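Let's take a walk through this protein together, starting with a term we will need and then moving from the overall layout to the details. Have the model open beside you as you read.

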Amino acid sequence: MRASADYPEDAPAEGVGDCIFADGLPHGPPPGLFDLAIQDCTQALALNPNIATAYHTRGMAYKSKGLLDRAREDFQKSCELGDINGCQAYRELSKPKNDLR
C-alpha cells in the first residue's frame with residue numbers, strides 16, 4: 001500500500017503507510033527500483049515512523065546503491081522495532097570486512 005495522507009497519525013502501524021516494496025520482499029526491492037523504494041518508504045515512514053519493514057526495505061535499497069551508512073541506520077532502526085531481518089542485516093553490515101564468519 002502506498003503512503004497516504006488519508007491515514008491518521010495515531011492509526012495502528014500494521015498496514016498503515018506501508019511502502020509497496022515492504023510486503024513479502026525480505027531481500028529488498030527489485031533492481032532498478034531502488035530510488036522509488038527509498039522515496040516510497042520515506043513517505044510511509046513520514047506517516048508512521050514505527051514500520052519496521054519500511055526501514056528494512058529502505059535499508060536494502062540504500063545498501064544496493066552503496067549508501068552503507070544510511071543502510072546501517074535503517075537496519076538498526078528496523079531491528080529496534082523488532083524486525084529480525086533488520087537485525088540480521090544490521091549485524092552483517094556491521095561486521096569487520098575481514099570477518100568471514
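A residue is called buried when its relative accessible area is under 20%, exposed when that area is over 50%, and partly exposed in between. Keep in mind that this is a predicted model.

Cysteine 79 has a relative accessibility of 24%, so it counts as partly exposed. Cysteine 87, with a relative accessible area of 14%, is buried. The two are joined to each other, with their sulfur atoms 2.0 Å apart, and a search of the whole structure finds one disulfide. Such a link is a covalent bond between the sulfur atoms of two cysteines. Which hand does the disulfide of cysteine 79 and cysteine 87 have? The torsion about its S-S bond is about 90 degrees, so the disulfide is right-handed.

Now step back to the overall layout. The protein has four helices and zero strands, and from the N terminus on its elements run α-α-α-α. Of its 101 residues, 39% are buried. Among contacts with a separation of 6 or more, 48% are between residues 24 or more positions apart. The accessible surface comes to about 6,200 Å², and carbon and sulfur atoms account for 52% of it.

H1 covers residues 34–47, 14 residues in all, and reaches 20 Å from its first C-alpha to its last, close to the 20 Å expected. Which residues of H1 are buried? They are Phe34, Ala37, Ile38, Asp40, Cys41, Ala44 and Leu45. An α-helix has 3.6 residues a turn, so residues three or four places apart point the same way. Helix H2 (52–64) is included in what covers the buried residues of H1.

That brings us to the interior. In soluble globular proteins, nonpolar side chains tend to be buried together. Here the largest nonpolar core has 10 residues: Phe34, Ala37, Ile38, Met60, Ala61, Tyr62, Ala71, Phe75, Ala89 and Leu93. H1, H2, helix H3 (68–80) and helix H4 (84–94) each give two or more residues to this core. Apart from this core lies another one, of six residues, including Cys41, Ala44, Ala54 and Tyr55.

For a last stop, zoom in on alanine 71, a member of the largest nonpolar core. Leaving aside neighbours within four places in sequence, alanine 71 is in contact with Gly59, Tyr62, Lys63 and Leu93.

Conventions. Residues are numbered from 1 along each chain as its sequence is written. This is a predicted model: local features need pLDDT of at least 70, side-chain atom pairs count only at pLDDT 80 or more; totals for chains, interfaces and linings use all residues. Side-chain values use heavy atoms; hydrogens and water are left out. The expected span of a helix is 1.5 Å times one less than its number of residues. Buried means under 20% relative accessible area, exposed over 50%, partly exposed in between (1.4 Å probe, protein chains only). Contact means heavy atoms within 4.5 Å. A disulfide is a pair of cysteine sulfur atoms within 2.5 Å. Accessible areas come from the Shrake-Rupley method with a 1.4 Å probe; for residues, only the protein chains shown count as cover. A nonpolar core is a set of buried Ala, Val, Leu, Ile, Met, Phe, Trp, Tyr and Cys residues joined through side-chain atoms within 4.5 Å.
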